[in-house]
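Subject: Structure handover

Hello,

Here is the structure for you to work with. My notes on the helix packing follow below it.

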Amino acid sequence: MVGKKKETSMTTTLEDLIEKAGGCAVVDGGFATQLEKHGAAINDTLWSAVCLIKDPDLIKRVHLEYLEAGADVLVTSSYQATIPGFLSKGLSIEEGESLLKKSVTLAVEARNSFWEAVKVNPGHHHYNRALVAASIGSYGAYLADGSEYSGDYGPNVDLDKLKDFHRRRLQVLVEAGPDLLAFETIPNKLEAQACIELLEEENIQLPSWICFSSVDGEHAPSGESFKECLDIINRSNKVNAVGINCAPPHFTESLICKFQQMFTQLTSKAIVVYPNSGEIWDGKAKRWLPSKCFDDDKFECFATRWRDSGAKLIGGCCRTTPSTIQAISKVIKGKSQ
């Protein structure tokens with residue numbers, strides 16, 4: 001079965017990519033942001049995943065734009081794509097599963113066509129063959145009520161409910177053949193534990209990362225300490241990297257240092273960071289609030305600091321664009337783009 005490989009091959013793809021990239025690989029940037037720039041209407045409970053239904057060609061176009069900008073990892077458009085979410089739109093279970101698989105297929109096709117073009121052009125030596133990471137958004141992302149930034153799922157959501165929610169999506173995405181799995185914007189220890197237990201129960205052998213969000217730069221959105229959250233990840237050999245996504249970039253350096261200190265004693269997991277621009281998302285009003293943010297020049301400046309602090313994978317999240325990733329790639333890879 002796809003994704004269920006020999007234990008010895010589990011980490012090679014991600015580790016090899018980081019090594020080929022010179023010790024720090026580049027993750028792509030804001031997906032919904034770029035879709036909107038091209039005119040997509042995504043003010044929907046499915047968010048960017050609505051384009052899997054309405055405009056899959058645009059999804060592939062955005063993937064290609066990030067590859068051109070220097071991304072070493074493409075994250076699929078499945079962050080807010082869930083079977084219950086598709087059912088709520090009147091689709092069948094089979095149609096929903098097909099759309100989940102399509103999110104991986106579109107990224108793989110974009111990667112393959114781009115890499116074929118690179119191979120026939122020797123001048124493109126600064127590109128690496130990108131990996132495709134299947135995005136698995138938090139339960140809060142499915143709720144679309146902003147709870148991925150609070151970690152408050154209410155008293156009726158327990159470990160088993162979270163595992164039931166994620167299980168079939170995980171199975172379908174793995175069957176579609178990505179290179180790795182990206183659990184994103186996890187807001188609390190409970191959901192991190194659910195993800196880890198699922199990887200164990202399903203015997204998944206693909207590399208994976210788990211990224212938390214943070215609203216204060218000190219804790220998970222739930223208020224739990226990162227030490228509590230990372231302790232359970234440290235005990236798992238199913239998670240190869242851990243970090244932060246969609247948090248303000250001015251928190252990133254201190255969080256990398258915090259994670260490094262926690263990992264040095266216990267494991268050697270890679271640290272992945274892809275912050276947003278610093279703008280704040282109001283999950284209830286569904287709009288971006290004016291706030292201090294990083295432009296591409298600041299990302300270029302701080303990317304080297306994040307790398308030097310210990311990050312092995314660096315990219316952008318909401319409100320970042322291919323030009324942001326190009327700036328990061330240029331300084332990380334030390335190449336003129």
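Which residues in H8 and H9 meet? From H8 they are Leu159, Leu162, Lys163, His166, Arg167 and Leu170. From H9 they are Leu190, Glu191, Gln193, Ala194, Glu197, Leu198 and Glu201. Contact here means heavy atoms within 4.5 Å.

Some ground rules. This is a predicted model, where local features need pLDDT of at least 70, side-chain atom pairs count only at pLDDT 80 or more, and totals for chains, interfaces and linings use all residues. Residues are numbered from 1 along each chain as its sequence is written, and side-chain values use heavy atoms, with hydrogens and water left out.

Confidence: the chain averages a pLDDT of 90 (the predictor's confidence in each residue, from 0 to 100). At least 70 is reached by 90% of the residues. Residues 4-11 stay under 50. For that stretch the model has 18 contacts beyond four places in sequence.

H9 covers residues 189-201. Its axis comes within 9 Å of the H8 axis, and the two cross at roughly 50°. Axes are lines fitted to C-alpha atoms over the stretch in contact, and angles run from 0 to 180 degrees between N-to-C directions. H8 and H9 are therefore oblique to each other. Under 35 degrees counts as roughly parallel, over 145 as roughly antiparallel, 65 to 115 as roughly perpendicular, and the rest as oblique. The crossing is right-handed (the near helix is turned clockwise from the far one by less than a right angle). The contact residues divide into 6 nonpolar, 2 polar and 5 charged. Nonpolar is Ala, Val, Leu, Ile, Met, Phe, Trp, Tyr, Cys and Pro; charged is Asp, Glu, Lys and Arg; polar is the others, Gly among them.

H6 with H8: H6 (residues 93-119) packs on H8 (residues 159-175) at about 45°, axes 8 Å apart. This crossing is right-handed. H6 brings Glu97, Leu100, Lys101, Ser103 and Val104. H8 brings Arg168, Arg169, Val172, Leu173 and Glu175.

H4 with H6: the angle is about 45°, with axes 9 Å apart. That makes H4 oblique to H6. H4 passes H6 in a right-handed crossing. Among the residues that meet are Ile59, Lys60 and Leu64 of H4 and Leu106, Glu109 and Phe114 of H6. By class, this contact has 8 nonpolar, 2 polar and 5 charged residues.

Salt bridges: the count comes to 17. The rule is a side-chain nitrogen of Lys or Arg within 4 Å of a carboxyl oxygen of Asp or Glu. Lys60 pairs with Glu109, closest N and O atoms 2.8 Å apart. Lys60 is in H4 (residues 56-69) and Glu109 in H6, 49 residues apart.

Best wishes

Methods: Helix = DSSP H or I, 4+ residues; strand = E, 2+ residues; numbered from the N terminus.
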